[in-house]
Amino acid sequence: MPHATALPATGHRPRWWTELPLIAVVYGLYSLGRLLVRGDVSTAVDNGLAILRFEQALYLNAEHPLNRLFTSTPSIGIPADFAYASLHYLVTPAILIWMFRRRSAAYRAARVWLMNSTLLGLIGFTLVPTCPPRLLDAGHGFVDTMAQYSAYGWWGAGASAPRGLSGMTNQYAAMPSLHVGWSLWCGVLLWRHAKHPLLRAAGVAYPLITTIVVMGTANHYFLDAVAGAAVMGLGALLTRPVIRLADRVKGRLRTAFATVRTASEPVRSPIVSAGCKTSAGERIPGQRTSSADSPDAAADGAGAGRATGAGPGAATGVSANDDAPAAAR
């Protein structure tokens, strides 16, 4: 996805004291919006069953065998629950910080890509509230591994949220799976920008493992994972237009601010001295006229002529030569 990871450097290094509040505000709005867009439970269940039937029509049934494996094998199910409950909170910020510190030229595009996709996911939660497999009737064959192994972790039986806080999350926000989407974002950035082969291999493995985990724990359908990848692809395509729009808005705001600031400043005289001159012996300049019009200047000149023995012509600056009129001589 070169649209979101290979933008040219702008010469402006991002600053953490502006980036951190921006990311916090966007994530806060996402979390609040995800909580507020709780859909009708019956609608969410209908959407979940429709997805399940569509997958069965396409002979896609990876969720059931994976869920049976996780519930029957604690050595697999418990680590999977820990991964589902924690990795997206740890790996995603870690990759973002790594891009900020080591790949600053591509950081802004990566951050905008992540924000675009996250907001698109919020739109998906709003339009298509979906009941995850673990909340369907037991007759559909799914077991909630988070509830089964809740004694081993900090999450409760109601959700992957900490105990007692299951009511603070929207459990019907299954479509699309941003667990898969964010892991794909991390994987692409590691593949494109990491130099060590192990890190690049982790970039490939992480989204694949996440996809298996979200299905095995009965938190998402396979098509939820597909939708999560599609949301990330659309977010990548929107990265360049969003950056250009942001730059245009920022430029207009700077121009408007500069205009207002210039209009509010007082008009100053272009002459620094404002016509004031300082003569020898004066500490404070005074307003003076030109030497031709000032009687004091003429008196000073006459005095200077007497002191040097020069005639009136020297005092007034008029030379007594043969070309001057007779009256002047």
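These notebook entries record what I looked up in the structure.

**Ground rules.** I am working with a predicted model, in which local features need pLDDT of at least 70 and side-chain atom pairs count only at pLDDT 80 or more, while totals for chains, interfaces and linings use all residues. Residues are numbered from 1 along each chain as its sequence is written, and side-chain values use heavy atoms, with hydrogens and water left out.

I then listed the contacts (heavy atoms within 4.5 Å) of Met99, and, not counting residues up to four places away in sequence, Met99 touches Ser104, Ala106, Tyr107, Ala110, Leu189 and His193.

**Helix 11.** I found Ile243 in helix 11 (residues 239-264), where Ile243 is buried at a relative accessible area of 9%. The C-alpha atoms of Ile243 and Val112 are separated by 7.5 Å, although these residues are 131 residues apart along the chain.

**Surface.** I noted a nonpolar patch on the surface formed by Tyr27, Leu87, Tyr89 and Leu90, with about 400 Å² of accessible area together. For such a patch, nonpolar side chains (Val, Leu, Ile, Met, Phe, Trp, Tyr) with over 30% relative accessible area and no salt bridge are joined within 5 Å; a salt bridge is a side-chain nitrogen of Lys or Arg within 4 Å of a carboxyl oxygen of Asp or Glu. Accessible areas come from the Shrake-Rupley method with a 1.4 Å probe. Helix 5 gives the most to the patch, with three residues. Tyr89 is in helix 5 and counts as partly exposed because its relative accessibility is 49%.

**Loops and backbone.** I checked Tyr59, which has a positive phi of about 60° although it is not a glycine; Tyr59 lies in the loop between helix 3 (41-57) and helix 4 (63-72) and is exposed at 77%. Ala218 also has a positive phi, near 65°, but Ala218 is buried at 0% relative accessibility, in the loop between helix 9 (197-216) and helix 10. Finally, I recorded a cis peptide bond from Met175 to Pro176, with omega near 0°, and Pro176 lies in the loop between helix 7 (145-148) and helix 8.

Notes. Patch = residues over 30% accessible without salt bridge, like charges linked within 9 Å, V, L, I, M, F, W, Y side chains within 5 Å. Helix = DSSP H or I, 4+ residues; strand = E, 2+ residues; numbered from the N terminus. Buried < 20%, exposed > 50% of the residue type's maximum accessible area, 1.4 Å probe, protein only.
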